[in-house]
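Please look over the chain shown below before reading on. The report takes up a sheet, a loop residue and a ligand site in turn.

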Amino acid sequence: MHFLTNFLRPKIVFTKLCTPKLVKQEIIKKYDFLNRVNFHINYLIILELVNSLSQQKKSITNSLTSCHELPTSCFANVETKETTPESREHSKLPLQKIIIKPGKRNQSKIYHLRNLNNWIKNMLIIEYITKIREHHPSSGDSLRVLEMCCGKGGDLLKYSKQNIAHLICTDIAEISLNQCKKRYYRLAQSCQSCFSAEFFLSDCSRDRLRAQYKSPWLEHHLVSCQFALHFSFESYQQADCMIRNASECLQSGGFFIATIPNANEIMRRLRESSDGRSFGNEYYNLQFLSDTQPPPIFGAKYLFQLEGVVDCLEFLVHFPTLVKLCRKHGLQLDKVNSFSEYFEASSKRGENLLRKTECLQTVYIEKDSKIEENFSHIENFANENQCWSNNYGTLSKPEWEIATLYLVCAFRKCDNTWDDELNPIYNFDS
Ligand SMILES: C[S@@+](CC[C@H](N)C(=O)[O-])C[C@H]1O[C@@H](n2cnc3c(N)ncnc32)[C@H](O)[C@@H]1O
């Protein structure tokens, strides 16, 4: 599998950290509305963040940079040597003898990528709801979830399948939130004991969500923010507000889960790009609009364009900073995985769902047949493993390049006691 192992070879980025001076200048330049006192407090917090970055940088980047192989599942009537443990070890591919219907041609060029993203979200939700139920058996059927930046409600069905009791949905975009509501009402009509739900418009990075809950004293078991947390990294204040919103009504032992762009991977591709400011393929383009050497910790702005779906400004999430911010609000890092790592770790557990939701494109290959360049990895795989006349499940190279731009992460809310001034003192494991 020469191609697969060379493809998107990971490297560690953020070799130069923002110095405190740079961070300070960046803040002065961009957020001059801060009064001096506020600035001083925030600057001290950021200094503290920056001081601890080197240490955290090592562990986080190490855990994020291992595997970027394209997923290749071998489908149908295959009884050949590529499924032996040895060859599996050699190729590092998730070979599963699962059967799906031969791929149908779909409307969107990124149909399978979108399905894969949904599968990843689903697996993350299932994983953490299961954990919560294991650790808090009393939560049973009374599980409460907050979905920040819910969009059009693409995850409603996922929660319905997990038998949660209550869902709070909020988003900054009215049209999306209305669609989410409609979807919920349709769902509630179609199932007998659907969870209850509330919806409200808000900017999760500026408003205090708790003030808008019907029952602000009720604690959530799970908070989810999918493909959206990065918007708050425009500024320290916004990111801080977002994380505070995620944490403040979360029960101790509850989880905050998110999917975000992987800043290390973005910076690696940027460094390898011809102009040092943009990269992409036929389906997506990412163009930096702010400094890149190094990017500021907050406000590292880029334009992300994705085939017929997205065209918007986003901000790099410096992961060690996110971890620090979360700790400030009593959230301890539980998991961080690149999408490819998470795919690999979960594909066995989520095999049925992977098949049912058509996450992978089915490609049929005959000996000596030529297939299009976007699927040449399958040809290489079949040649190396001498396994032709089979259906393979995979993603096209350009789609996989997009999928591997992201990571999943999860944080656990810690217990706390209170100091004399009633500030929480969190009990982190380490
Ligand atoms: C890429 S969509 C993801 C939607 C949904 N979470 C999903 O996974 O399908 C990003 C969503 O975040 C919302 N959003 C962005 N910034 C926000 C903010 N500050 N507060 C609330 N919602 C926000 C957008 O309106 C959009 O619906």
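Which residue in S8 is the bridge partner of Gly280? The bridge partner of Gly280 in S8 is Asn285.

## Basis of the model

This is a predicted model, in which local features need pLDDT of at least 70 and side-chain atom pairs count only at pLDDT 80 or more, while totals for chains, interfaces and linings use all residues. Residues are numbered from 1 along each chain as its sequence is written.

## The open sheet

Four strands, in the order S7-S8-S9-S10, form an open sheet with antiparallel pairing; strands (E, at least two residues) and helices (H or I, at least four residues) are DSSP runs numbered from the N terminus, and two strands pair if DSSP finds at least two bridges between them. Strand S7 (278–280) and strand S10 (310–315) each have a single partner strand and stand at the edges, so one side of each is left without a neighbour in the sheet. Direction ignored, neighbouring strands of this sheet are turned by 15° against each other on average, the axes being lines fitted to C-alpha atoms, with angles that run from 0 to 180 degrees between N-to-C directions.

S7 and S8 pair over three bridges in the antiparallel sense, and a hairpin of three residues joins S7 to S8. S8 is joined to S9 by five bridges, again antiparallel, with Phe288 having Tyr302 in S9 as its bridge partner. Between strand S9 (residues 301–306) and S10 there are six bridges, and these strands run antiparallel; here Phe304 has Cys312 in S10 as its bridge partner.

A residue is buried if 20 or more other C-beta atoms, placed from the backbone, lie within 10 Å of its own.

## Phe233 in its loop

Phe233 lies in the loop between strand S5 (220–226) and helix H9 (236–248), and is buried, with 28 other C-beta atoms within 10 Å. Leaving aside residues up to four places away in sequence, Phe233 touches Ala239, Phe298, Phe315, Leu316 and Val317, contact meaning C-beta atoms within 7 Å. The C-alpha atoms of Phe233 and Ser205, which are 28 residues apart along the chain, are separated by 9.0 Å.

## Around the ligand

Among the 16 residues around the ligand, Cys149, Gly151, Ile172, Gln226 and Ala228 come nearest, where a residue is near if its C-beta atom, placed from the backbone, lies within 6 Å.

Notes. Buried ≥ 20, exposed ≤ 12 C-beta atoms within 10 Å, placed from the backbone. Contact = placed C-beta atoms within 7 Å.
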